[in-house]
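These are my notebook entries on one model. I record what I looked up, topic by topic.

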Amino acid sequence: PHLPKASVLNLRLNMVDSQYYLPNDIGVSALDCGEAFRLLSPQEKMYAHYLSRAAWYGGLAVLLQTSPESANIFVLLQRIFRKQTPSQLAQVATAAGLSSEDYQAFLVYAAGLYANMGNYKSFGDTKFIPNLPKDKLEALVRASQAFQEQSAEMEALWDSCSCLLYSLEDRQKQLGLGDKGITTYFSGNCCLEDAELAQKFLDSKKLSAYNTRLFKRDDGGKACYEVRLASAVQKDCAVDGECESCCGSFSFEDKEFTVKRGDYAPLMEKVCHYLQQAQAYAANENQRKMLEEYRRSFTLGSVEAHKEGSRYWIKDKGPIVESYIGFIESYRDPFGSRGEFEGFVAVVNKAMSERFAKLVSSAEVLLPELPWPREFEKDTFLKPDFTSLDVLTFAGSGIPAGINIPNYDDIRQSEGFKNVSLGNVLAVAYATQKEKLTFLEEDDKDLFIKWKGPSFEVQVGLHELLGHGSGKLFVQDDKGKFNFDQSKVINPETGEPVSSWYRGSETWDSKFSTIASTYEECRAECVGLYLCLNKQVLSIFGHEGQDAEDVVYVNWLSMVRAGLLGLEFYTPESKSWRQAHMQARFVILRVLLEAGEGLVGLEEVTGKDGMPDARITLDRSKIHTVGKNAIHRFLCKLQVFKSTADVDGGRALYDGYSTVSDSGAYNFLRLRETVLLRKEVRKMFVQANTRVSGDSVELVEYEGTVAGLISSFTERFQDDAEQLEADLLELSKRDAPCWSGIRLKHM
């Protein structure tokens, strides 16, 4: 049965709106780490506890890194739920005239704000608003015990954020720079040119952008820029242990730049306090020195100190309790060079880690299999730690499945890195029911469900270790010295000697800026697809014979399906992508479609419900030939442009495949609407808390529901809730004038 055109159109309009709500039946799972935690010694438990506290307090900076209103909404919710649990508040909601659906929508919104550390999705960067009428939410806020007890303060808090809480003006629908969206990494009057100028200034001062934000003001017709470093210290002069401060005022290209300290100061102070307490329980000298440097970094706002801490962290091989903390991933800075705060604490899963250790041991045999010439690979492979971890704490805007850090190119190239796969996240994140599995042939669904987990484990391992861990950057340092022989190294794409490279303090992120993250994710994903065809790799993960072939098939099928699903994260109005990994997967889908010969099939069909649908197929007999050759050619190009700092070539290639249009063999704009119509929302995770009781540490676990997620956050910050909330509101208020045109009322 075909629906009349008008109702299809109507449904599409509704679907587009629904991407700005979280559905009432959203999946919520508790991250299970009970067993892993129980096996820790008392000293390890204390260490994990204090590191977790540091991570959770630092993670609150993400509220201030996301949107002008996020911190105020967080405080509003904390005040409501500190006085009444979700179940106690339910009776208040009914009395205030909310239906059970309305109240569930409120709980889902609150849980979403906590899980994403702000009111924009951490995966996809779109805003989400409460799925209940504003007057109903206001009635609930006013009827709450928190409001009854402090009506003037709660009234001011509601007024400060209620407009933005619901606003879906075009600019507010997604994160972005200038008129493309909302960002708090830059003041509201900054555009791409300002970001580029600031990057040049930072490069000239050898300052990293990772822990900074940029604020621009007009001083009598002259643009003045403030670069603000995240630090507990608010003085700009040199303090204990510093020869000189990097702060001060500088003239650069006829503009005034001031470097100041003290961004997120009260939060950084808490982070340093808890890192100091964790030091007493460190297992060895590397951990102690690492924490000492992290503290110096967050005290003074020094990325150099964080790099030093990361060096000790790499040396701390195979710890029982693993952690990392700081301004790490730059996905959400629209310019691509400022890091979002994150901190994690996790416990090693020994059985799974053995497989990864075998993969590390085989790395030197596997790296030469990659499709670029020997000179384009690092001079020596620095064997990293690769462990499977069960997450105890992951504070920030979202939880990944695998991580390869540190992100500092100079350390990765010459000193090494670590890889982790987050086992208890993998266990629940990708479990799916057959009826919710979209865009596949019926015959593929059972196979997909059976092998999705195991194949993803292989892909994550290869992506992190041999994807992010491979490839050389050609560099000429400040003294003019090259790390390659420019008279001999030939560019395989041109047949000519290499003619471009990184100079001085240029890095991959600073050079490739807005496409650096997604391009690198694409390179790592391609390495995973390419090397999973290797029988030795499959047998390391315990897959032989037909099972091994099924793992390969499902891994490749999963990638092309993910490329189609990626269209959800494309914004046609601004022709921009909002999620690095999903853009990367779409690019790979395009490359494999272009390979032709019937390798990948993609067609638009009508679903059983009469609505538009799509089918994606993969010819398994052609993966090892047509598929492998296509990835071989593409991966070599990606690496060559990256190694040689060829931004123009890299951009042209990558932007070409990233284009979403309605012309050509596939109408991707129309397919995007079908994807939105049938999208499945990402799950939210509930994490445990730790609590010191006497001289031992207890693990406090919560149920995997929205109420459990909310309770975990209210109890997480109960020791100093009032002071913390006052600090957050003060930080939010201090910056409010910088978001010109975005109405956040002063409280």
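**Entry 1: strand S10**

How many of the five residues of strand S10 (residues 418-422) are buried? I found that five of the five are buried, so S10 is largely enclosed by the rest of the structure. I take buried to mean under 20% relative accessible area, exposed over 50%, and partly exposed in between, with a 1.4 Å probe and protein chains only. Helices (H or I, at least four residues) and strands (E, at least two) are DSSP runs, numbered from the N terminus.

I note that this is a predicted model, in which local features need pLDDT of at least 70 and side-chain atom pairs count only at pLDDT 80 or more, while totals for chains, interfaces and linings use all residues. Residues are numbered from 1 along each chain as its sequence is written, and side-chain values use heavy atoms, with hydrogens and water left out.

**Entry 2: partners of S10**

I count two strands as paired if DSSP finds at least two bridges between them. Strand S8 (residues 385-395) runs parallel to S10 and is joined to it by five bridges. On that side, Leu389 stands opposite Leu422. Strand S9 (residues 402-405) pairs with S10 in the antiparallel sense, over four bridges. There, Gly402 stands opposite Ser421.

I followed the chain on from S9. The peptide bond from Ile405 to Pro406 is cis, with omega near 5 degrees. Pro406 has its place in the loop between S9 and helix H16 (409-414).

**Entry 3: a hairpin**

I looked up strand S18 (residues 689-693) and strand S19 (residues 696-700), which run antiparallel and are joined by five bridges. Asn689 stands opposite Val700. The two strands form a hairpin with two residues between them, and Gly694 in the turn has a positive phi of about 65 degrees.

Lys206 is not a glycine, yet has a positive phi of about 55 degrees. I located Lys206 in the loop between helix H11 (192-204) and strand S2 (212-219).

Ala645, also a residue other than glycine, has a positive phi near 55 degrees. Ala645 is in the loop between helix H23 (623-643) and helix H24 (647-658). Is Ala645 buried or exposed? Ala645 has 7% relative accessibility and so counts as buried.

Thr644 also has its place in the loop between H23 and H24. Thr644 is buried, with a relative accessible area of 2%. Taking contact as heavy atoms within 4.5 Å, and not counting residues up to four places away in sequence, I found that Thr644 touches Phe376, Phe474, Val498, Ser500 and Trp501.

**Entry 4: Glu169**

I placed Glu169 in the loop between helix H10 (151-166) and H11. Glu169 is partly exposed, with a relative accessible area of 41%. Glu169 and Gly181 are 12 residues apart along the chain, and their C-alpha atoms are separated by 9.8 Å.

**Entry 5: nonpolar cores**

I define a nonpolar core as a set of buried Ala, Val, Leu, Ile, Met, Phe, Trp, Tyr and Cys residues joined through side-chain atoms within 4.5 Å. Which residues touch the most other members of the largest nonpolar core? They are Leu60, Phe74, Phe106, Leu267, Met268 and Phe298, in a core of 120 residues. Helix H7 (residues 100-116) gives the most to this core, with 10 residues. Another core lies apart from it and has 93 residues, including Leu437, Ile515, Cys532 and Val591.

I also listed the contacts of Leu60. Leaving aside neighbours within four places in sequence, Leu60 is in contact with Phe74, Met117, Leu267, Phe717, Leu724 and Leu728.

**Entry 6: cavities**

On a 1 Å grid over the protein atoms alone, I take a cavity as a set of points where a 1.4 Å probe fits but cannot get out, with lining residues having an atom within 4 Å of a point. A volume is the space filled by probe spheres set on the points, which are joined across faces, edges and corners.

The structure holds eight cavities of 30 Å³ or more. The largest cavity has about 60 Å³ of space. Its lining includes Leu63, Ser67, Thr184, Arg213, Asp735 and Trp739. Helix H4 (61-66) and helix H27 (721-735) are the elements that give two or more residues to this lining. H27 gives the most, with three residues.

Notes:
On a 1 Å grid over the protein atoms alone, a cavity is a set of points where a 1.4 Å probe fits but cannot get out, and a pocket is an open set with protein on both sides within 12 Å along at least five of seven lines; lining residues have an atom within 4 Å of a point.
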